Amino acid sequence: MALNNRSEINVREYRDRDKAILSKVAFRAFMWPHDAVWAIWGLDSRDITFVAEINGVPVGAIELETFYFKDREHGYIYYIFVDPDYWGRGVGTALMNKAEEYFRSEDICDVWGTTWTKNYRMRRLFEKTGYKLISREELRKKYTRREYKTLLWNLYAGPGELIYWKRVC
């Protein structure tokens, strides 16, 4: 994906040497410092993390997990963050596309994500990339009580968080 100034977004796997610059990016990207701390912790503790770079410089990351639910593996977008200087330039979309490509390569078709109600930027990204907002009521009707609680646990979905889902294969 190309940017306006002919720079290209390259998405690759995370490397340990990315941590210092991505730590700075996380603190710039998140409104609340605790989110930045959790995102930094997740860089090398999630199942896999991808990094978006422009001209060889990391400008964002997406952290992914998998979990077993209802007889198959599911994917989860743990954190995604982009340097505010690059917001609206396709970096988030490139990271989401890479995440979906990865999940498909692992035969994981159901991908989930959560975000806070007032995180309008993330909500737009989920919706722009085809994720469906699913209400808790809809999930309660679809699953047993135990399955519902297990799903929320795997999604780290607390009160006030919205749940998004997409079938990618």
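**Close-up views of a predicted model**

**View 1. Asp71 between two strands.** Asp71 is exposed, with a relative accessible area of 69% (exposed means over 50% relative accessible area, with a 1.4 Å probe and protein chains only). Asp71 is placed in the loop between β3 and β4, strands being DSSP runs of E with at least two residues, numbered from the N terminus. The phi of Asp71 is positive, near 70 degrees, in a residue other than glycine. This is a predicted model, in which local features need pLDDT of at least 70, side-chain atom pairs count only at pLDDT 80 or more, and totals for chains, interfaces and linings use all residues. Residues are numbered from 1 along each chain as its sequence is written, and side-chain values use heavy atoms, with hydrogens and water left out.

**View 2. Asn55 in a loop.** Asn55, which lies between β2 (48-54) and β3 (57-69), has a positive phi of about 55 degrees although it is not a glycine. Asn55 is exposed, with a relative accessible area of 65%.

**View 3. Lining of the largest pocket.** A total of 36 residues line the largest pocket, and Phe30, Ile80, Thr115, Asn119 and Met122 lie nearest its centre; a pocket is an open set of points on a 1 Å grid over the protein atoms alone, where a 1.4 Å probe fits, with protein on both sides within 12 Å along at least five of seven lines, and lining residues have an atom within 4 Å of a point. Among the elements that give two or more residues to this lining are β4 (72-82) and β5 (110-116).

Definitions and conventions
Helices (H or I, at least four residues) and strands (E, at least two) are DSSP runs, numbered from the N terminus. Buried means under 20% relative accessible area, exposed over 50%, partly exposed in between (1.4 Å probe, protein chains only).
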